[in-house]
Amino acid sequence: MNPTTLAMIQGFIQQLGASGPSGLSPWAVRGDAVAASLQTVRAIRQPPQAGGAAAAVSTVNRRGTPLGNGTFATRVGNVAIIPVIGPLVSRFSWQYWSYDEIVRDLRLAASTPGIEAAILDMDTPGGMVDNVDAVPAEIARLREKMPVYAHANFCCSAGYWIAASTDKVFASKTGLVGSVGALIRYVEMEGILTRLGANVVEVIAEQSPNKRLARDSEEGLAELQAIADDGAELFIQGLVESRGVTREAILENYGQGLVFTAGEALRRGLVDQIASLEEVLTELAGRQENSSLAAPAAAKAGTEKESTMLTLETLKAEHPDLASALRAEGAADAARGERNRLLGIDEQAAGLTGHDELIRALKADGKTTPAEAALQLLAAEKGKNKERLQGLQQLDQAAAGVESLPSGGTGGNSQSFPKTPEGWKAEWDATAKLQEEFPTAESYIATMKRKAA
């Protein structure tokens, strides 16, 4: 086959791949949204050189600072924002978003100091069934440590499978949610390849006659149908567990593959409330104590309950600066907290001496509270007093058996000498008055021995 023909075939196959999923693996995806979703992912993944790519990158990264290196997840204050964007595949791919990447970001949120809540930012038509269950499992582990919410802008099929496993599912006013089910799209290429001059040769082992069932045969279609049905049933059972509803309720209310607007999704129970991502972020960041977001909309079936936060208009007006404002507030709080911590340690150390090195270490570690510092300073002071007591005890022991002569007494000095010949000789050597009274040390020692007897 000549290179021109080969290139034509490759281009045709790529166009087929861009228009939707194919192959034997079941997909939970909206095929009509795949192409546009792929463009979003490519724009996000590309370095911000061209204007379109830069704009797309800034759209994702505008909310907060990066949660870590090599990730598009961000943080705003104490909240992690984990993007779930574009067609979803099992393993990491630069052209798609993957379940491996989402699981990694969830684990990163769990291990990042100061993160107290997480939001999954959903903008996806869905994806492969293979390995999708790893994400709800990781979300369940994260929910043991912090609240986890999902916000749906466009959240279909496998994307909804993931979102439904969070504590609450929110949808924007213009959001689309649903497409519960699975499909297999199989493209038979042998005919076109043969027409283009390809010679397709295939040999099937006698032990495996079902290896290549004809896809237009009854058996071949039955094989594909069984795989697709199994993927859909796994999806449904996942929703039964995460949404707390029966299988029958899902088949009746969740559309059997239909996609719903936010209001209809709320009425049918697919989402818990309608709110913007900024409202959900503000709620989790603790900037609104009395928010209507706390009331689940599921308890108000058939009623579209929208958020009525007091700062809604302000937030809309300041939306471009929300992340920087939250970061600035967090930095100011941290600075005030550190200043108060250092002043508290100084108060605990007031009046104490000899602990300068310990005090410097307590201030430098950046985490010891004044109460903890007080305990450490108390222990150090006790240790210091214990050393003093031990020193006094050692002096007492050293002075045992020593006679002290008062100043102006026989020796004319205040030194103390042992009551032994050696001590008497030392006393005579050190005392001028004794040397005047006793011509030699031996005469003084003899006199002291008689007195002692």
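Serine 157 is placed in the loop between strand 9 (148-156) and helix 6 (158-163), where helices (H or I, at least four residues) and strands (E, at least two) are DSSP runs numbered from the N terminus. This is a predicted model, in which local features need pLDDT of at least 70 and side-chain atom pairs count only at pLDDT 80 or more, while totals for chains, interfaces and linings use all residues. Residues are numbered from 1 along each chain as its sequence is written, and side-chain values use heavy atoms, with hydrogens and water left out.

Although serine 157 is not a glycine, its phi is positive, at about 50 degrees, and the residue is buried with a relative accessible area of 1% (buried means under 20% relative accessible area, exposed over 50%, partly exposed in between, with a 1.4 Å probe and protein chains only). Serine 179, in the loop between strand 10 (168-178) and helix 7 (190-195), likewise is not a glycine and has a positive phi of about 60 degrees; at 6% relative accessibility, serine 179 counts as buried.

The protein chain contains 18 helices and 14 strands, and buried residues make up 39% of its 453 residues.

## Helix 4 with helix 5

Helix 4 (residues 99-111) and helix 5 (residues 134-143) have axes that come within 9 Å and cross at roughly 5 degrees, the axes being lines fitted to C-alpha atoms, for helices over the stretch in contact, with angles running from 0 to 180 degrees between N-to-C directions. That makes helix 4 roughly parallel to helix 5 (angles under 35 degrees count as roughly parallel, over 145 as roughly antiparallel, 65 to 115 as roughly perpendicular and the rest as oblique).

The contact, meaning heavy atoms within 4.5 Å, is made by Tyr99, Ile102, Val103, Leu106, Arg107 and Ala110 of helix 4 and by Ala134, Val135, Glu138, Ile139, Arg141 and Leu142 of helix 5.

## Helix 16 with helix 18

Helix 16 (residues 421-430) packs against helix 18 (residues 441-452) at an angle of about 130 degrees, with their axes 9 Å apart, and that makes helix 16 oblique to helix 18.
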